[in-house]
Amino acid sequence: MTSHRPAVVIVMAAGQGTRMKSATPKVLHEIGGRSLVGHAVVTARALAPEHLVVVVGTGREQVEAHLAAIDPDVRTAVQEQQLGTGDAVRAGLTVVPEGFEGEVIVTSGDVPLLQTDTLQQLVAEHDKNANAITVLTARVPDPTGYGRIIPAEDGSVAGIVEHKDATAEQRRIDEINAGIYVFDAATLRDGLSRISTDNAQGELYLTDVLAIAKSDGKRVGAFVTEDAMQTEGVNDRVQLATLRAELNRRTLDTLMRSGVTIVDPNTTWVDSTVTLDQDVTLLPNTQLHGATTVATGATIGPDTTLTDVQVGENASIIRTHGSGAVIGEGASVGPFAYLRPGTTLGVKGKIGTFVETKNAAIADGAKVPHLTYAGDATIGEGANIGAGTIFANYDGINKFHSTVGRYSFVGSNSVLVAPASIADGAYVAAGSAVTEPIGPGEIAVARGKQRNIRGWVARKRAGTKTAKAAEEAQEAAQQGELSDTGEKAEREARP
C-alpha cells in the first residue's frame, strides 16, 4: 500500500438527490452515526491529503455548516449548476493552489461503505503500474445503470461507456465503474480542459478524461475491489436502508470478532462512532449511538438505547433510555430508567426502576432505587433516596439545585423543594415536603398531623357504595363488640 500523501482528495457532494424526496440534502442523511458525506470525509481524511475538498451544490448552506462542524479543515467548492461529474471536479480544483503536482483522488459523498484501505490499495495499484489514471471497479451480477469498463488487450482500460450510451454487447460486461478515481494532476487538468457535452445527457463526463488520456498514449488502469458493496451509492431511501443495515452488520461483525458478545445481531444497532471494549455484552433490542463508550465487563440491554453515554467496567444497564450520561464502574441502571444529559452515577451506584434523572451527580454507592425524579441534584456518597421522591427543581421560571449529603436517607414519597440542602448523615421522614435546610444528624418531619373526621362519608357521600361499605363495616364492628361484651359477662358469671 502507498505510504505517501495524495495531493488532493475531491469528494463530489453537489447532487440534487431528488429521489430521496426530502428537504434534507441527500448527503446529510445519516447511517451508522454519521452523515453520508461524513463517512466520505472520515475515509478521505485518513489518507492525510494535503488538501481535502468537498464540492457542494444543492442545500450548500446546510452542507457547509455540517462540514464545518465535523471537519473544520475541509475546503468547500461550489458547483453552481449540476452539469456532470467533470464539471464537479473542475469546480473542486478551483479552491486548491494552481499548478500543484501529485495525485488527485476523486470520490463521492454518497458511498458510505468505502474504506480507507481500499483507497490506499487503489493508489498503490496506480503507482505500481505508473498509470496516468486508475479507476476503482467492481464486478456485479446486475450491472444495469452503471458505466461499463472496456478492457484493453494489455490489461489496461480501453475506456468507460455509460449504460445509456453502451451497445448491447457492452451492456453484457459485468465490470462496472465505481466512480472513484486516482489521477495524475497534470493529466486531470489537461483532460478537464478538453471534455465536451457531446453525449446523451449533455453533461461533462469525468470518464471522458480517461478517453482523452488514452488517446494521448497514457496508461489508464483499474483496480477491482472484491468488496462490491463498498462501491454502492445512495440514491433513494430504499438504498439508504439497505446500506444502513449492511454497515450495521459489518460493525457488529467487527465488534464480535474483537471480543464483544452480541446475543441477537438482528435487533442490535451500533453506530460506527461507538467504542466497545472486550467482554462487553449486548442483549437484544439494544441501540448504541454517537460517542457512546462501554468498558469491559459491562452488560447493556435488553431494550436499551444509549446516545453519547460513557459506561464503566462491569456496569449493568437494563431497559433504559439515556443520553449525555456517565455511568460508573459496577453501577446498575434500570429497568425503565430515563437518563437525561448531565447525569453521572458513581462507582456501584444505583438508578432503579422508573427513575428519571437530569443534571444529577449521584456519588459512589448512592442509590435512587425507584419511582423518583432527580433533577438538578447532587446526591452524596452512600445516600439513599426513597421511592416516590421528587426533587422539585422548577418554580415555573427558574431551575434550582438541591443537595443530599453523604449517607443521608430520604424517606419515601418526599418532596425536596429546591434549593433543598440536606447535610451528611441526616434523615427525612417519609411523606415530608422539605423547604428548610436539614443539619447533620437531624431528622426532618415536614407533614401535617393526621386527624380522622367521624361520619364524614355518611354526610358527604350518602348513597354511594363507599357509604354502604362503611355502614356494613360499622355494623360488623358493633356486633363484634356486643359479642365480646356477652362473652365477657358469661365468663364473669361462672363460679
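Biologist: How is the lining of the second largest pocket divided by class?
Modeller: That lining has five nonpolar residues, six polar ones and two charged ones. Here Ala, Val, Leu, Ile, Met, Phe, Trp, Tyr, Cys and Pro count as nonpolar, Asp, Glu, Lys and Arg as charged, and the others, Gly among them, as polar. Please note that this is a predicted model, in which local features need pLDDT of at least 70 and side-chain atom pairs count only at pLDDT 80 or more, while totals for chains, interfaces and linings use all residues. Residues are numbered from 1 along each chain as its sequence is written, and side-chain values use heavy atoms, with hydrogens and water left out.

Biologist: What volume does the second largest pocket have?
Modeller: The volume of the second largest pocket is about 230 Å³. Of the 13 residues lining the second largest pocket, Arg-34, His-39, Pro-112, Gln-115 and Leu-247 are the closest to its centre. A pocket is an open set of points on a 1 Å grid over the protein atoms alone, where a 1.4 Å probe fits, with protein on both sides within 12 Å along at least five of seven lines; lining residues have an atom within 4 Å of a point. Grid points are joined across faces, edges and corners, and the volume is the space filled by probe spheres set on the points.

Biologist: Staying with H1, how many of its residues are buried?
Modeller: Eight of the ten residues of H1 are buried, so the helix is mostly covered. Among them are Leu-36, Val-37, His-39 and Val-41. Buried means under 20% relative accessible area, exposed over 50%, and partly exposed in between (1.4 Å probe, protein chains only).

Biologist: Now the largest pocket. What is its volume?
Modeller: The largest pocket has a volume of about 1600 Å³. Its lining consists of 42 residues, of which Arg-19, Lys-26, Thr-85, Asp-110 and Asn-235 lie nearest the centre. By class, the lining of the largest pocket holds 13 nonpolar, 22 polar and seven charged residues.

Biologist: Which element gives the most to that lining?
Modeller: E10 gives the most, with four residues. Strand E1 (8-13), helix H3 (85-93) and strand E10 (175-184) each supply at least two residues of the lining of the largest pocket.

Biologist: What do the buried residues of H3 pack against?
Modeller: They pack against E1, strand E4 (51-56), strand E5 (75-78), strand E6 (103-108) and helix H5 (185-192). Seven of the nine residues of H3 are buried, including Asp-87, Val-89 and Leu-93.

Biologist: Since E4 has come up, is His-51 buried or exposed?
Modeller: His-51, which is found in strand E4, is buried because its relative accessible area is 14%. Leaving aside residues up to four places away in sequence, His-51 touches Ala-7, Val-8, Val-9, Arg-75, Val-96 and Pro-97. Contact means heavy atoms within 4.5 Å.

Biologist: Which residue carries the "active site" annotation?
Modeller: The UniProt annotation, from an unreviewed entry, covers His-370. UniProt positions are given in the numbering used here, feature names are shortened, and annotations may be inferred rather than shown by experiment.

Biologist: Where does His-370 sit, and why does it count as partly exposed?
Modeller: His-370 is in strand E28 (residues 367-379), and it counts as partly exposed because its relative accessibility is 35%. Not counting residues up to four places away in sequence, His-370 touches Thr-353, Phe-354, Val-355, Gly-386, Ala-387 and Gly-388.

Biologist: And Asp-376: what is its phi?
Modeller: Phi of Asp-376 is near 55 degrees, a positive value in a residue other than glycine. Asp-376 is placed in strand E28 and is buried, with a relative accessible area of 7%.

Biologist: Which residues does a cis peptide bond join, with omega about 5 degrees?
Modeller: That cis peptide bond joins Gly-334 and Pro-335. Pro-335 is found in the loop between strand E24 (332-333) and strand E25 (337-339). A cis peptide bond also joins Ala-418 and Pro-419, with omega about 0 degrees.

Biologist: Finally, which domains is the protein divided into?
Modeller: The protein is divided into domain 1 (8-231) and domain 2 (260-444), with bounds that come from an automatic or database domain assignment. The centres of domain 1 and domain 2, taken over C-alpha atoms, are separated by 48 Å.
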